[in-house]
Amino acid sequence: MTDTPTQLFIGGTWVDAADGATMPVDDPATGEILCHVADAGAKDTRLAEDAAVQAQEEWARTAPRARSEILRRAYEIILDRVDELAHLMTSEMGKPLPEARGEVAYAAEFFRWFSEEAVRIDGGAGILPDGRNRMLLSRRPVGPCLLITPWNFPLAMGTRKIGPAIAAGCTMILKPAPQTPLSSLALAAILKEAGLPDGVLNVVTTSRAGEVCEPLLRGGRIRKLSFTGSTQVGRILLAQSADAVVRTSMELGGNAPFLVFDDADLDVAVDGAMLAKMRNMGEACTAANRFFVHSSVAEEFGRRLAERMGALVVGPGTRDGVDVGPLIDATGRAKVEELVADAVERGAEVLVGGRTPEGPGCFYPPTVLAGVDPESRLMDTEIFGPVAAIVTFDDEDEVVRRANDTPWGLVGYVFTEGLDRALRVSERLEVGMVGLNTGLVSNPAAPFGGVKQSGLGREGGRVGIEEFLEYQYLAVPVR
Ligand code: ADP
């Protein structure tokens, strides 16, 4: 902890907030304060914006190979420091160390992927249909970006945005979530070490997100917003982006359906459920939120899932053998408690868990609820905790209709051994991603994103860099 930066990173230097303000960072496993970091106000953010704007022109002219190699070096430094970064992440966010190590590797992979993409940005040339004009197409960075990230994947949500922005030649301001600023500050130090020029990345940690981000979005100098967070905040930011017609990529909430058909391999389905539900303690927008299980296998599936969930060890993420860390904070846990209480009041049966443990830290046990009333609040609210809610169905058309009956459309999971059904149902789901007989879809080489109110645009994959590029078309007469 002693080496981790706690100041703002502006124009390549570490500085305190102009008014000297700081904010505490808590350890969710103990509720104790880990340290204080700078708490930026509007003045600091303006300085960060100045730095990003000033650096933009030269950065856009930097050779793609040079940008690529900075990312590659950063990738290697991250991998050299997996343990150190994982400990930092666990201390501020709570996830168990093995999961934190997994996230560090996943986060690094975005840098490797986009280091490879940086040198594959191509344009085009051709003769227009009238034969009298040529068309020359080139790609340009969109310009200075504002990147806003959530607390649930403190490192990977940063690299997923910073990687393509660097590869495309954009400068940026990163505003991490106030709960988990340390991973982002550590990342900025790594990028500096990897040779990133001053001003290309600026990091402002703040407890006053609305106050500092709104002027950036309305000011006309920031050309792109990439946001990952709740749909509720996403809507506000979309409205603020309208003024200066800022380009947006939005990764918002989910309400993932998890469908288990009567012809599913139940071993595969239960493994998939454990991943789709318990990755990150259920604190993921991809987390399975609604389990629709065919009535003929629902009892067996519920029993096996409850057995697996009940065997998980809950405790501080730094302790050996722990599978499930604390939730992020008291508010997050209170929401999970309320949703479970509502479902139980409406008749759900608690197969395992469901009771908040005594003592410090924001712990909540892995919980399986069976016979959930479809009107329960957790069916249309992101639970963001380790709670699996099972409802039953009998008919394919009916379950597809119910799965799609939500404003969200990020990801869906389908478990069946029938090829025709697998494809038919996957294609009918109104989602950006489908896990077919698997509970994990996220991969840096695949386009991540949702439809409906789950967002706009895609991150990762070949298209990830497109979000940070513009076209310029040059019309040239044939003479
Ligand atoms: P969560 O509920 O998971 O914390 P949020 O959408 O509230 O999700 O937060 C995601 C990110 O958006 C965080 O970095 C948070 O600080 C930021 N944020 C929240 N409100 C605003 C706002 N009004 N303007 C800009 N950023 C915001």
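Predicted model: local features only at pLDDT ≥ 70, side-chain atom pairs only at ≥ 80, totals over all residues.
The domain assignment of the protein chain gives two parts. Domain 1 covers 8-252 + 454-475, and domain 2 covers 256-443. Their centres, taken over C-alpha atoms, are separated by 31 Å. The two domains touch. On one side of the contact stand 23 residues of domain 1, and on the other 29 residues of domain 2.

An open sheet is built from 7 strands. Their order is β14-β15-β16-β13-β12-β18-β19. The pairing is mixed. Strands β14 (349-352) and β19 (433-436) stand at the edges. Each has a single partner strand, so one side of each is left without a neighbour in the sheet. On average, neighbouring strands of this sheet are turned by 25° against each other, direction ignored.

Within the sheet, strand β13 (residues 288-294) and strand β16 (residues 387-393) run parallel. They are joined by 4 bridges. Opposite histidine 294 stands phenylalanine 393, a residue of β16. Helix α13 (residues 419-428) lies across β12 (256-260), β18 (411-415) and β19. Its direction is at about 160° to β19.

A helix pair comes next. The axes of α7 and α8 come within 7 Å and cross at roughly 35°. From α7, the residues Glu214, Leu217 and Arg218 take part in the contact. They meet Leu237, Gln240, Ser241 and Asp243 of α8. The residues of this contact divide into 2 nonpolar, 2 polar and 3 charged.

Both helices of this pair return in the description of the largest pocket. Rolling a probe the size of a water molecule over the atoms shows where empty space is left. The largest pocket holds about 1100 Å³ of space. Its lining counts 43 residues. Nearest its centre lie Trp151, Phe227, Gly229, Ser230 and Val233. At least two residues of the lining come from each of α7 (209-218), β10 (224-228), α8 (231-243) and α11 (330-345). The largest share, 6 residues, is that of α8. By residue type, the lining of the largest pocket divides into 19 nonpolar, 16 polar and 8 charged. Both domains contribute to the lining, with at least three residues drawn from each of domain 1 and domain 2.

The second largest pocket has a volume of about 360 Å³. It is lined by 19 residues. Of these, Glu99, Leu275, Met278, Arg279 and Asn280 lie nearest its centre. Helices α4 (97-118) and α9 (266-278) each supply at least two residues of this lining. The most comes from α4, with 5 residues. The lining of the second largest pocket divides into 11 nonpolar, 3 polar and 5 charged residues. Domain 1 and domain 2 both give residues to this lining, so the second largest pocket lies between them.

Definitions and conventions:
Residues numbered from 1 in each chain as written. Heavy atoms only, no water. Pairing = 2+ DSSP bridges. Axes fitted to C-alpha atoms, helices over the stretch in contact; angles between N-to-C directions. Contact = heavy atoms within 4.5 Å. 1 Å grid on protein atoms, 1.4 Å probe; cavity = no way out; pocket = protein on both sides within 12 Å on 5 of 7 lines; lining within 4 Å. Points joined across faces, edges and corners; volume = space filled by probe spheres on them. Nonpolar A, V, L, I, M, F, W, Y, C, P; charged D, E, K, R; others polar. Domains from an automatic or database assignment.
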